[in-house]
Amino acid sequence: MDIATNHFSTASTNFTILDAPGHRDFVPNMIAGVSQADFAVLVVDASTGAFESGFQNNGQTREHTLLARAIGVSRIIVAVNKLDAVSWNHDRYIEITQQMGHFLTNAGFSPNSTNFVPCSGLAGANIVQEARDKMPWYNGPTLVQTLESSKPQSRAINSPLRITINDVFRGGIQNPVSISGRIEAGSLQIADTLLTLPSKESATVKGIEINEQSSEWAVAGHNVTLHLSGIDIVHLKPGDVMCSPDSPIVPLTCFNLKILSLETITPMLVGIHRGRLHASGRVISLLESLDKATGKTLKKKPRHIAPGMVARIKVEVSLCAGIPVEKGNKIVLRLGGKTVAAGIVE
(Lines give C-alpha, C1' and ligand atoms only; values in the text may rest on other atoms or scores of the structure.)
Protein backbone atom coordinates (compact mmCIF):
# COMPACT_ATOMS: atom_id res chain seq x y z
CA MET A 1 0.00 0.00 0.00
CA ASP A 2 2.78 2.43 0.90
CA ILE A 3 6.39 2.96 -0.15
CA ALA A 4 8.81 0.48 1.41
CA THR A 5 12.26 2.01 1.85
CA ASN A 6 15.40 -0.09 2.05
CA HIS A 7 19.06 0.36 1.27
CA PHE A 8 22.03 -1.74 0.22
CA SER A 9 25.62 -1.18 -0.85
CA THR A 10 27.77 -2.69 -3.57
CA ALA A 11 31.54 -2.37 -3.86
CA SER A 12 31.22 1.03 -5.56
CA THR A 13 27.79 2.50 -4.79
CA ASN A 14 25.19 3.02 -2.05
CA PHE A 15 21.58 2.55 -3.15
CA THR A 16 18.25 3.45 -1.52
CA ILE A 17 15.24 1.51 -2.87
CA LEU A 18 11.84 3.19 -2.78
CA ASP A 19 9.56 0.24 -3.52
CA ALA A 20 6.29 1.75 -4.80
CA PRO A 21 2.93 -0.08 -4.81
CA GLY A 22 1.63 -1.25 -8.18
CA HIS A 23 -2.13 -1.21 -7.61
CA ARG A 24 -4.20 1.61 -9.15
CA ASP A 25 -5.75 2.48 -5.76
CA PHE A 26 -2.36 3.53 -4.40
CA VAL A 27 -1.05 5.68 -7.28
CA PRO A 28 -0.78 8.76 -4.97
CA ASN A 29 1.73 6.80 -2.84
CA MET A 30 3.57 5.74 -5.99
CA ILE A 31 3.83 9.44 -6.99
CA ALA A 32 5.43 10.17 -3.60
CA GLY A 33 8.05 7.47 -4.24
CA VAL A 34 8.84 8.42 -7.84
CA SER A 35 9.21 12.10 -6.94
CA GLN A 36 12.21 11.15 -4.75
CA ALA A 37 13.89 8.81 -7.26
CA ASP A 38 16.97 9.43 -9.42
CA PHE A 39 16.03 6.62 -11.79
CA ALA A 40 13.41 3.89 -12.09
CA VAL A 41 13.50 0.09 -12.14
CA LEU A 42 10.31 -1.17 -13.76
CA VAL A 43 9.70 -4.82 -12.82
CA VAL A 44 7.47 -6.59 -15.35
CA ASP A 45 6.05 -10.10 -15.02
CA ALA A 46 7.10 -12.27 -17.99
CA SER A 47 4.69 -15.12 -17.23
CA THR A 48 2.00 -15.83 -19.83
CA GLY A 49 -0.85 -13.32 -19.68
CA ALA A 50 0.61 -11.39 -16.74
CA PHE A 51 2.68 -8.96 -18.83
CA GLU A 52 -0.28 -8.36 -21.13
CA SER A 53 -2.70 -7.62 -18.27
CA GLY A 54 -0.32 -4.99 -16.89
CA PHE A 55 0.62 -3.49 -20.25
CA GLN A 56 -2.71 -3.51 -22.08
CA ASN A 57 -6.32 -2.58 -21.28
CA ASN A 58 -5.46 0.27 -18.88
CA GLY A 59 -2.98 -1.85 -16.90
CA GLN A 60 -0.79 -0.05 -14.38
CA THR A 61 2.50 -0.64 -16.24
CA ARG A 62 1.57 2.15 -18.66
CA GLU A 63 0.33 4.68 -16.10
CA HIS A 64 3.29 4.17 -13.77
CA THR A 65 5.78 4.57 -16.62
CA LEU A 66 4.12 7.72 -17.98
CA LEU A 67 3.97 9.17 -14.46
CA ALA A 68 7.65 8.49 -13.85
CA ARG A 69 8.57 10.30 -17.09
CA ALA A 70 6.22 13.20 -16.38
CA ILE A 71 7.67 13.66 -12.88
CA GLY A 72 11.14 13.94 -14.38
CA VAL A 73 12.71 10.46 -14.24
CA SER A 74 14.77 10.12 -17.42
CA ARG A 75 16.57 6.78 -16.87
CA ILE A 76 14.69 3.48 -16.65
CA ILE A 77 15.81 -0.13 -16.21
CA VAL A 78 13.22 -2.74 -17.19
CA ALA A 79 13.72 -5.94 -15.18
CA VAL A 80 11.91 -8.70 -17.11
CA ASN A 81 11.17 -10.91 -14.10
CA LYS A 82 9.75 -14.45 -13.62
CA LEU A 83 11.43 -15.85 -16.74
CA ASP A 84 11.62 -19.17 -14.87
CA ALA A 85 7.80 -19.33 -15.27
CA VAL A 86 8.19 -19.44 -19.08
CA SER A 87 11.17 -21.87 -19.07
CA TRP A 88 13.68 -19.06 -19.81
CA ASN A 89 12.11 -18.59 -23.25
CA HIS A 90 14.19 -16.22 -25.41
CA ASP A 91 11.28 -15.45 -27.76
CA ARG A 92 9.13 -14.31 -24.82
CA TYR A 93 11.91 -11.96 -23.66
CA ILE A 94 12.27 -10.50 -27.19
CA GLU A 95 8.48 -10.04 -27.45
CA ILE A 96 8.34 -8.08 -24.16
CA THR A 97 11.41 -5.93 -24.91
CA GLN A 98 10.07 -4.98 -28.35
CA GLN A 99 6.66 -3.93 -27.01
CA MET A 100 8.14 -2.09 -24.02
CA GLY A 101 10.92 -0.48 -26.08
CA HIS A 102 8.45 1.01 -28.55
CA PHE A 103 6.21 2.26 -25.71
CA LEU A 104 9.10 3.79 -23.73
CA THR A 105 10.36 5.70 -26.78
CA ASN A 106 6.86 7.13 -27.34
CA ALA A 107 6.66 8.02 -23.63
CA GLY A 108 9.79 10.18 -23.97
CA PHE A 109 12.57 7.89 -22.68
CA SER A 110 15.75 8.03 -24.75
CA PRO A 111 16.96 4.58 -25.99
CA ASN A 112 20.37 5.50 -24.50
CA SER A 113 18.75 5.80 -21.05
CA THR A 114 16.80 2.54 -21.25
CA ASN A 115 18.09 -0.94 -20.30
CA PHE A 116 16.42 -4.37 -20.36
CA VAL A 117 17.61 -7.12 -18.00
CA PRO A 118 16.14 -10.67 -18.00
CA CYS A 119 15.99 -12.17 -14.51
CA SER A 120 14.15 -14.29 -11.98
CA GLY A 121 13.86 -12.99 -8.43
CA LEU A 122 12.64 -16.34 -7.08
CA ALA A 123 15.54 -18.28 -8.62
CA GLY A 124 18.02 -15.43 -7.97
CA ALA A 125 19.03 -15.63 -11.63
CA ASN A 126 20.88 -12.66 -13.16
CA ILE A 127 20.25 -10.44 -10.13
CA VAL A 128 23.74 -10.54 -8.63
CA GLN A 129 25.15 -13.70 -10.21
CA GLU A 130 25.11 -14.39 -13.95
CA ALA A 131 22.83 -17.20 -15.19
CA ARG A 132 24.49 -18.32 -18.43
CA ASP A 133 23.38 -21.93 -17.82
CA LYS A 134 19.70 -20.91 -17.78
CA MET A 135 19.92 -18.10 -20.36
CA PRO A 136 22.73 -18.93 -22.83
CA TRP A 137 21.18 -16.39 -25.22
CA TYR A 138 21.93 -13.46 -22.88
CA ASN A 139 25.47 -12.13 -22.38
CA GLY A 140 24.73 -8.69 -20.93
CA PRO A 141 25.19 -7.37 -17.37
CA THR A 142 23.29 -8.56 -14.29
CA LEU A 143 20.67 -6.34 -12.65
CA VAL A 144 23.11 -5.09 -9.99
CA GLN A 145 25.77 -4.35 -12.63
CA THR A 146 23.17 -2.35 -14.58
CA LEU A 147 22.27 -0.41 -11.42
CA GLU A 148 25.94 0.38 -10.84
CA SER A 149 26.29 1.76 -14.37
CA SER A 150 23.89 4.62 -13.55
CA LYS A 151 25.68 7.97 -13.42
CA PRO A 152 25.21 10.01 -10.22
CA GLN A 153 23.02 13.07 -10.66
CA SER A 154 24.23 16.57 -9.91
CA ARG A 155 22.72 17.94 -6.68
CA ALA A 156 21.64 21.47 -5.78
CA ILE A 157 23.87 21.47 -2.69
CA ASN A 158 24.50 25.23 -2.77
CA SER A 159 20.80 26.15 -3.14
CA PRO A 160 18.56 27.10 -0.18
CA LEU A 161 17.48 24.11 1.95
CA ARG A 162 14.33 22.23 0.86
CA ILE A 163 13.07 19.02 2.52
CA THR A 164 9.68 17.54 1.66
CA ILE A 165 8.31 15.60 4.64
CA ASN A 166 7.38 11.98 3.89
CA ASP A 167 6.43 10.85 7.36
CA VAL A 168 5.95 12.33 10.83
CA PHE A 169 6.32 10.13 13.91
CA ARG A 170 7.33 9.99 17.55
CA GLY A 171 10.81 8.51 17.76
CA GLY A 172 10.64 7.66 21.47
CA ILE A 173 11.14 9.45 24.79
CA GLN A 174 14.40 11.06 23.70
CA ASN A 175 12.99 12.13 20.32
CA PRO A 176 9.36 13.16 20.78
CA VAL A 177 9.07 14.63 17.23
CA SER A 178 10.79 13.07 14.21
CA ILE A 179 10.33 13.40 10.44
CA SER A 180 11.66 11.50 7.47
CA GLY A 181 12.11 12.85 3.97
CA ARG A 182 14.49 13.57 1.14
CA ILE A 183 16.66 16.66 0.96
CA GLU A 184 15.89 18.12 -2.45
CA ALA A 185 18.26 21.07 -2.23
CA GLY A 186 20.80 22.58 0.15
CA SER A 187 22.42 21.13 3.26
CA LEU A 188 21.88 21.05 7.02
CA GLN A 189 23.64 20.10 10.23
CA ILE A 190 22.77 19.51 13.87
CA ALA A 191 21.53 22.64 15.72
CA ASP A 192 20.24 24.30 12.52
CA THR A 193 16.89 26.09 12.74
CA LEU A 194 14.30 25.05 10.14
CA LEU A 195 11.02 26.67 9.10
CA THR A 196 8.00 24.45 8.36
CA LEU A 197 5.54 25.46 5.67
CA PRO A 198 2.66 26.10 5.44
CA SER A 199 2.37 26.19 9.30
CA LYS A 200 5.30 28.71 9.55
CA GLU A 201 6.51 27.05 12.77
CA SER A 202 10.23 26.85 13.57
CA ALA A 203 12.12 23.79 14.82
CA THR A 204 15.69 22.93 15.79
CA VAL A 205 17.54 19.89 14.42
CA LYS A 206 18.49 17.72 17.40
CA GLY A 207 19.71 14.66 15.49
CA ILE A 208 20.24 13.45 11.90
CA GLU A 209 20.13 9.86 10.64
CA ILE A 210 21.07 8.72 7.13
CA ASN A 211 20.18 5.07 6.41
CA GLU A 212 19.71 4.54 10.18
CA GLN A 213 23.24 5.77 10.90
CA SER A 214 23.75 8.93 12.98
CA SER A 215 25.37 11.84 11.16
CA GLU A 216 26.43 15.39 11.96
CA TRP A 217 25.26 16.74 8.60
CA ALA A 218 23.33 15.86 5.41
CA VAL A 219 23.13 17.29 1.89
CA ALA A 220 20.83 17.27 -1.15
CA GLY A 221 20.13 13.72 -2.33
CA HIS A 222 20.17 12.14 1.14
CA ASN A 223 17.07 10.39 2.51
CA VAL A 224 17.15 11.47 6.14
CA THR A 225 15.40 11.10 9.47
CA LEU A 226 15.51 14.32 11.50
CA HIS A 227 14.84 14.46 15.24
CA LEU A 228 13.43 17.90 16.07
CA SER A 229 12.91 20.02 19.16
CA GLY A 230 10.96 23.22 19.77
CA ILE A 231 7.93 22.22 17.68
CA ASP A 232 4.67 20.38 18.39
CA ILE A 233 3.89 17.37 16.20
CA VAL A 234 0.48 18.90 15.29
CA HIS A 235 2.27 21.50 13.14
CA LEU A 236 3.88 18.84 10.93
CA LYS A 237 2.27 16.64 8.29
CA PRO A 238 3.41 14.63 5.26
CA GLY A 239 3.74 16.89 2.22
CA ASP A 240 4.87 19.93 4.22
CA VAL A 241 8.21 21.49 3.31
CA MET A 242 11.00 22.36 5.73
CA CYS A 243 13.30 25.10 4.55
CA SER A 244 15.87 27.63 5.64
CA PRO A 245 14.31 30.60 7.54
CA ASP A 246 16.58 32.91 5.48
CA SER A 247 15.00 31.93 2.13
CA PRO A 248 11.60 30.31 2.71
CA ILE A 249 9.11 29.20 0.06
CA VAL A 250 6.10 31.51 -0.28
CA PRO A 251 3.00 29.22 -0.28
CA LEU A 252 0.93 29.70 -3.44
CA THR A 253 -2.85 29.69 -3.85
CA CYS A 254 -2.67 30.14 -7.64
CA PHE A 255 0.06 29.23 -10.13
CA ASN A 256 0.74 28.49 -13.78
CA LEU A 257 1.67 24.97 -14.89
CA LYS A 258 3.27 23.77 -18.10
CA ILE A 259 1.72 20.32 -18.53
CA LEU A 260 1.63 17.21 -20.62
CA SER A 261 -2.03 16.12 -20.69
CA LEU A 262 -2.89 12.43 -20.33
CA GLU A 263 -6.66 12.99 -20.50
CA THR A 264 -8.85 15.79 -21.90
CA ILE A 265 -8.35 18.97 -19.82
CA THR A 266 -11.02 21.65 -19.41
CA PRO A 267 -11.64 24.13 -16.56
CA MET A 268 -12.44 21.53 -13.87
CA LEU A 269 -11.83 20.28 -10.33
CA VAL A 270 -8.57 18.34 -9.82
CA GLY A 271 -6.47 16.76 -7.09
CA ILE A 272 -2.99 18.32 -6.84
CA HIS A 273 -0.15 15.93 -5.97
CA ARG A 274 3.47 16.71 -5.25
CA GLY A 275 5.30 13.93 -3.41
CA ARG A 276 3.26 13.38 -0.23
CA LEU A 277 1.42 16.65 -0.72
CA HIS A 278 -2.22 16.12 -1.72
CA ALA A 279 -4.50 19.15 -2.07
CA SER A 280 -7.75 19.84 -3.88
CA GLY A 281 -7.94 22.59 -6.47
CA ARG A 282 -9.22 23.40 -9.91
CA VAL A 283 -8.04 24.33 -13.35
CA ILE A 284 -9.41 27.88 -13.71
CA SER A 285 -8.13 28.72 -17.19
CA LEU A 286 -6.39 27.21 -20.21
CA LEU A 287 -3.73 29.73 -21.25
CA GLU A 288 -2.35 28.21 -24.47
CA SER A 289 -1.56 24.96 -26.25
CA LEU A 290 2.05 24.45 -27.35
CA ASP A 291 3.90 22.61 -30.09
CA LYS A 292 5.60 19.55 -28.53
CA ALA A 293 8.76 19.87 -30.62
CA THR A 294 9.37 23.65 -30.73
CA GLY A 295 7.42 24.92 -27.71
CA LYS A 296 5.77 27.61 -29.85
CA THR A 297 2.18 28.67 -29.19
CA LEU A 298 -0.39 26.76 -31.26
CA LYS A 299 -3.54 28.37 -29.88
CA LYS A 300 -4.30 30.98 -27.22
CA LYS A 301 -7.09 30.23 -24.72
CA PRO A 302 -8.18 26.86 -26.18
CA ARG A 303 -11.55 25.48 -25.09
CA HIS A 304 -10.02 22.13 -24.15
CA ILE A 305 -6.68 20.33 -24.27
CA ALA A 306 -6.64 16.90 -25.91
CA PRO A 307 -4.71 13.92 -24.45
CA GLY A 308 -1.01 13.93 -25.37
CA MET A 309 -0.78 17.71 -25.84
CA VAL A 310 1.57 20.16 -24.13
CA ALA A 311 -0.08 23.27 -22.73
CA ARG A 312 0.05 26.05 -20.14
CA ILE A 313 -2.77 26.24 -17.61
CA LYS A 314 -3.63 28.18 -14.45
CA VAL A 315 -4.44 26.17 -11.31
CA GLU A 316 -6.08 27.47 -8.13
CA VAL A 317 -5.71 25.74 -4.74
CA SER A 318 -8.72 25.29 -2.45
CA LEU A 319 -6.68 25.82 0.75
CA CYS A 320 -6.69 29.47 1.89
CA ALA A 321 -3.11 29.13 3.21
CA GLY A 322 -1.89 27.84 -0.17
CA ILE A 323 0.59 25.02 -0.72
CA PRO A 324 4.41 25.13 -0.45
CA VAL A 325 5.41 24.89 -4.11
CA GLU A 326 7.79 27.03 -6.15
CA LYS A 327 9.07 27.46 -9.70
CA GLY A 328 10.48 24.21 -11.12
CA ASN A 329 8.49 21.88 -8.83
CA LYS A 330 6.83 18.95 -10.59
CA ILE A 331 3.07 18.58 -10.06
CA VAL A 332 0.66 15.76 -10.95
CA LEU A 333 -3.05 16.43 -11.47
CA ARG A 334 -5.54 13.59 -10.87
CA LEU A 335 -9.30 13.21 -11.05
CA GLY A 336 -11.54 10.24 -10.24
CA GLY A 337 -8.64 7.81 -9.71
CA LYS A 338 -6.95 8.76 -13.01
CA THR A 339 -3.92 10.87 -13.73
CA VAL A 340 -5.06 13.64 -16.07
CA ALA A 341 -1.85 15.68 -16.43
CA ALA A 342 1.64 16.26 -15.07
CA GLY A 343 3.76 19.36 -15.34
CA ILE A 344 6.15 21.94 -13.94
CA VAL A 345 5.34 25.08 -11.93
CA GLU A 346 6.30 28.18 -13.91
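Q: Where is Pro198 placed in this predicted model?
A: Pro198 sits in the loop between strand 9 (193-197) and strand 10 (201-210). Strands here are DSSP runs (E, at least two residues), and helices are DSSP runs (H or I, at least four), numbered from the N terminus. The peptide bond leading from Leu197 into Pro198 is cis, with omega near 10°.

Q: What can be said about the phi of Lys82, and where is Lys82 found?
A: Lys82 is not a glycine, yet its phi is positive, about 60°. Its place is the loop between strand 4 (76-81) and helix 4 (90-107).

Q: How do you know how confident the predictor is in the chain?
A: Look at pLDDT, the predictor's confidence in each residue, from 0 to 100. The chain has a mean pLDDT of 87, and 99% of its residues reach 70 or more. Residues are numbered from 1 along each chain as its sequence is written. Local features in this predicted model need pLDDT of at least 70, side-chain atom pairs need 80 or more, totals for chains, interfaces and linings use all residues, and side-chain values use heavy atoms, without hydrogens or water.

Q: Where is confidence lowest, and where is it highest?
A: Helix 1 (residues 27-34) is lowest, with a mean of 74. Strand 5 (residues 114-118) is highest, at 93.

Q: What makes the pair Arg182 and Asp38 a salt bridge?
A: The rule asks for a side-chain nitrogen of Lys or Arg within 4 Å of a carboxyl oxygen of Asp or Glu. Arg182 and Asp38 meet at 3.0 Å, N to O. So the pair passes the rule. The count by this rule comes to 13 salt bridges.

Q: How do you know which domains the chain has?
A: The domain assignment gives domain 1 (4-149), domain 2 (162-243) and domain 3 (251-345). Such bounds come from an automatic or database assignment.

Q: What makes domain 1 and domain 2 neighbours in contact?
A: Contact means heavy atoms within 4.5 Å. Four residues of domain 1 are in contact with five residues of domain 2. The centres of the two domains, taken over C-alpha atoms, are 32 Å apart. Across their interface the rule finds one salt bridge.
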